[in-house]
Amino acid sequence: MIEFVNVSKVYKTGTHALNNFNVSIDRGEFVFVVGPSGAGKSTFIKLLMSEEKPSSGEIYVNGQNLVRLKRRKIPYFRRTLGVVFQDFRLIPNMTVYDNVAFALRVTNVPSKEIRSRVPYILSLVGLSNKAKSLPEHLSGGEQQRVALARALVNNPSLIIADEPTGNIDPELSFEIVDLLSEINKCGTTIVMVTHEHDLVSEFNHRVITIDHGTLVSDDWNGGYR
Ligand SMILES: Nc1ncnc2c1ncn2[C@@H]1O[C@H](COP(=O)(O)OP(=O)(O)OP(=O)(O)O)[C@@H](O)[C@H]1O
């Protein structure tokens, strides 16, 4: 599903963020991406969502070669992904319901379908009772569950999460990863960047470590792959 082949990324400033980076992630995997600050984790995510192009190498996602993806095709490609960020990125003046429904409205999903899908997704993330609330009236963990609901509502085959638990309490972080793990059990591939080692060790998922722009370890439940 995801293939990085000899990928390097050098920013305009001359920083080498990724160097000959190779990784392969199969459909249905749950992968934690860890590594020190400045290691290249967010760069990996940006390349994965085609927010940046690599300086060299090839990137394949769902059979598409992102290096050759035309600029005008990028929005369509993005809609096949569910993306969750550390800062939630909810629309402040829209209710929880509308934040989730918005993701469907922009892709012209018929209103009848929106009316059935949004409540279903909100119940999945345990927020049915907050549908009419504004984001500012929710806790950090609840806001992140809205962001997750929005990422899920289009039924993506791949969810990309960049430090989704960075702004929430440890117990709530566990809940978010638990929820992602449940979603993963239904076949959705998950790639999640985190710096929380305690969280990583609570779950039996693949862990790839990036350091100085290269993949330095690839472990599963403590054993080398
Ligand atoms: N847009 C940019 N322009 C120039 N340099 C950048 C840019 N984005 C990131 N970098 C640099 O590339 C390197 C890798 O950064 P990246 O954000 O991928 O690291 P990270 O592992 O996500 O770090 P953190 O855990 O601190 O978020 C760093 O040296 C960073 O300063």
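Author: Start with H3 (residues 96-105) and helix H5 (residues 140-152): their axes come within 8 Å and cross at roughly 25°. An axis here is a line fitted to C-alpha atoms, for helices over the stretch in contact, and angles run from 0 to 180 degrees between N-to-C directions. Helices (H or I, at least four residues) and strands (E, at least two) are DSSP runs, numbered from the N terminus. One thing to keep in mind is that you're looking at a predicted model, where local features need pLDDT of at least 70 and side-chain atom pairs count only at pLDDT 80 or more, while totals for chains, interfaces and linings use all residues. Residue numbers start from 1 along each chain as its sequence is written.

So H3 and H5 are roughly parallel to each other; angles under 35 degrees count as roughly parallel, over 145 as roughly antiparallel, 65 to 115 as roughly perpendicular and the rest as oblique. H3 passes H5 in a right-handed crossing. A crossing gets that name if the near helix is turned clockwise from the far one by less than a right angle, and is left-handed if anticlockwise. On the H3 side the contact uses Val96, Asn99, Val100 and Ala103, and on the H5 side Val146, Ala149 and Arg150, where contact is counted if C-beta atoms, placed from the backbone, lie within 7 Å. Sorted by class, that contact of H3 with H5 has 5 nonpolar, 1 polar and 1 charged residues. Ala, Val, Leu, Ile, Met, Phe, Trp, Tyr, Cys and Pro go in as nonpolar, Asp, Glu, Lys and Arg as charged, and the others, Gly among them, as polar.

Now for another partner of H3. H3 and helix H4 (residues 111-124) pack at about 125°, with axes 10 Å apart. That makes H3 oblique to H4. Their crossing is right-handed. H3 brings Val96, Tyr97, Val100, Ala101, Leu104 and Arg105 to this contact, and H4 answers with Ile114, Arg117, Val118, Ile121 and Leu122. The tally for H3 with H4 is 9 nonpolar, no polar and 2 charged. Val96 and Val100 turn up here and in the H5 contact.

H5 has a further neighbour too: helix H6 (residues 170-185) packs with H5 at about 20°, the axes 10 Å apart. H5 and H6 are therefore roughly parallel to each other, and H5 passes H6 in a right-handed crossing. Gly140, Gly141, Gln144, Leu148 and Leu152 of H5 meet Leu172, Glu175, Ile176, Leu179 and Ile183 of H6. Those residues split into 6 nonpolar, 3 polar and 1 charged.

Strand E1 (residues 2-10) pairs with strand E2 (residues 16-25) over 6 bridges in the antiparallel sense, and Val7 stands opposite Phe21 in E2. The E1 and E2 hairpin has 5 residues between the strands, and Gly14 takes a positive phi near 95° there. E1 is also joined to strand E4 (residues 56-61) by 5 bridges, again antiparallel, with Phe4 opposite Ile59 in E4.

Overall, the protein chain comes to 7 helices and 11 strands.

Conventions:
Contact = placed C-beta atoms within 7 Å. Pairing = 2+ DSSP bridges.
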